[in-house]
Amino acid sequence: MHDTTVTTRLLLVVADGVRADILEEEMDAGRAPAMAALRARGSSQPISSSFPSVTGPAYVPFLMGQHPGRVGLPGLRWFDRARSIKWAPSQSRSYAGIDIWHVDSDIAPQVPTMLEYAQPSIAAMSMIGRGATHGRIGRGLAWMARAAPSHFRGDLLGWRAVERQATAAFLAKFGAVRPRFSVLAITSPDKFAHKFGCRSNEVRTAIRDVDDAIAQAQTLAARGGWLDSLHVWVTGDHGHAPVHEHFDLHGWLEGEGLRVLAHPRLNVKSPDVVLMVGGNAMAHLYLAPAERTRRWWHTHAASWDRTLDRLVAHPSVDIMAVSLSDSVVQLRHAERGTAEVHRHTGAGGTRWSYFAEHGDPLQLGGTLRDLDACTAWEATSATPYPDALVQLSWLAASSRAGDIILSASEGWDLRARFEPVTHVSTHGALLRDQMTVPLIVDVPTQRLPQRTTDIVPSALQLLGVATDTLFDGRSFLR
């Protein structure tokens with residue numbers, strides 16, 4: 001039975017890995033007419049994703065309204081130092097494989113998803129599906145059995161064929177259920193970008209899959225007489241940027257005489273360090289992994305400082321973040337020195353300060369004090385590292401994050417082996433092209449959207465859903 005009581009419905013479409021500028025080009029050229037029509041009714045603008053800018057964690061902001069580290073999803077791959085999760089080989093997660101089934105149970109249970117806020121709901125090909133009342137299409141055993149061979153062989157046309165089947169299944173259910181909220185992710189653009197480049201014709205063809213799905217959803221709603229109640233918004237999880245050099249960070253650490261546990265080699269006994277790469281332009285390093293309680297940097301410095309000095313000097317490493325405490329992260333750059341990001345919470349809310357007394361790794365022009373979330377975004381939005389203060393601060397504080405977090409330099413990634421296809425485009429880093437995603441909404445906005453965390457409070461306002469949840473974003477509709 002479909003829902004006949006709801007007057008406002010929202011379909012959120014995720015154009016996975018699509019750059020905001022490429023999407024604008026396709027709309028302007030008339031090759032994405034459904035999205036261009038949405039833009040004409042409302043607006044289209046680039047906004048900031050989360051760090052790490054990788055599939056999985058970057059779904060958290062637009063489906064939960066939180067930064068990913070705050071709800072227990074610090075990366076595409078991460079290490080469970082506390083031994084708190086079940087069914088985790090070597091206490092590690094990799095959502096690039098079978099662990100994708102654990103995403104919904106790994107995220108904080110006390111923080112609702114959009115699929116729980118607004119029901120009936122449907123999720124399709126989404127990394128997060130918790131709360132969907134009418135299925136998580138593309139994430140069941142049968143769907144995974146269809147998709148896995150194409151994924152691990154690097155058969156992108158095979159992947160696209162499976163994704164089209166999942167989209168057709170979603171649309172059939174969408175038309176029958178008339179969900180209050182639904183999310184449909186189209187992931188082929190990201191896979192084509194990795195293999196052919198983020199500006200390639202293959203990516204542009206995959207963007208047409210996104211546009212076709214929107215047009216078909218609108219046609220179904222029109223036939224059912226409920227098109228006037230349907231809103232469609234489009235966003236992305238991460239950007240993309242060309243990559244020319246692949247740094248074998250795994251091999252480099254082994255060359256330093258360290259025993260390294262990293263995917264896919266998880267049978268390392270008594271590792272000295274755990275390496276978790278995502279995107280592949282970012283990485284977590286977990287020191288003293290045998291210990292279940294995290295220690296802050298001053299207890300590791302004597303044994304690790306020289307190694308980190310050599311690592312940050314490598315041209316592949318742009319920003320190195322070192323956790324000094326749960327509210328202070330030190331940033332290092334080989335040429336631009338060091339600085340610290342401090343976070344404090346008081347009666348006026350959470351504030352950030354950037355102390356650039358020994359350098360300016362983020363190129364912000366010097367020390368900045370007492371910024372709230374909005375002014376912190378404004379201070380960084382035009383720099384090479386958009387939203388860096390907030391993103392680094394929250395990620396480094398996560399109990400599941402590494403003691404050291406690396407963001408790769410432009411043109412580099414941090415994984416030279418173990419990929420089904422050689423990457424010519426990458427993401428994951430804190431850099432602008434990888435952190436910037438599109439946002440298309442079909443209604444007027446009252447203020448400039450800043451982050452993908454703004455989508456959830458805005459969507460709830462659109463749908464008329466009241467909540468007392470404190471989000472990491474704010475509505476752009478008021």
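Biologist: Where is the place of E291 in the chain?

Modeller: Helices (H or I, at least four residues) and strands (E, at least two) are DSSP runs, numbered from the N terminus. E291 sits in the loop between β12 (282–287) and α11 (301–312). This is a predicted model, in which local features need pLDDT of at least 70, side-chain atom pairs count only at pLDDT 80 or more, and totals for chains, interfaces and linings use all residues. Residues are numbered from 1 along each chain as its sequence is written, and side-chain values use heavy atoms, with hydrogens and water left out.

Biologist: Is E291 buried, partly exposed or exposed?

Modeller: Buried means under 20% relative accessible area, exposed over 50%, and partly exposed in between (1.4 Å probe, protein chains only). With a relative accessible area of 31%, E291 is partly exposed.

Biologist: Which residues is E291 in contact with, leaving aside its neighbours within four places in sequence?

Modeller: Contact means heavy atoms within 4.5 Å. On that basis E291 touches R81 and R83. As for F51, 240 residues from E291 along the chain, the two C-alpha atoms are separated by 26 Å.

Biologist: Which residues of helix α8 are buried?

Modeller: In α8 (residues 188–196) they are S188, P189, D190, F192, A193 and H194. These buried residues pack against α7 (156–177), β7 (181–186), α9 and β20 (425–426). Just after α8 comes G197, with a positive phi of about 110°.

Biologist: How many residues does the largest nonpolar core have?

Modeller: In soluble globular proteins, nonpolar side chains tend to be buried together. A nonpolar core is a set of buried Ala, Val, Leu, Ile, Met, Phe, Trp, Tyr and Cys residues joined through side-chain atoms within 4.5 Å. The largest one here has 95 residues, and M35 and W233 have the most contacts inside it. Helix α9 (residues 201–224) gives this core its largest share, eight residues. Another core, of 57 residues, lies apart from it and includes F247, L258, M282 and V390.

Biologist: How many helices and strands are in the chain, and what is its radius of gyration?

Modeller: The chain has 15 helices and 21 strands. The radius of gyration is taken over C-alpha atoms, and the globule rule is 2.2 Å times the number of residues to the power 0.38. For this chain the radius is 21 Å, close to the 23 Å from the rule for 478 residues, so the chain is as compact as a globular protein of that length. Of those 478 residues, 63% count as buried.
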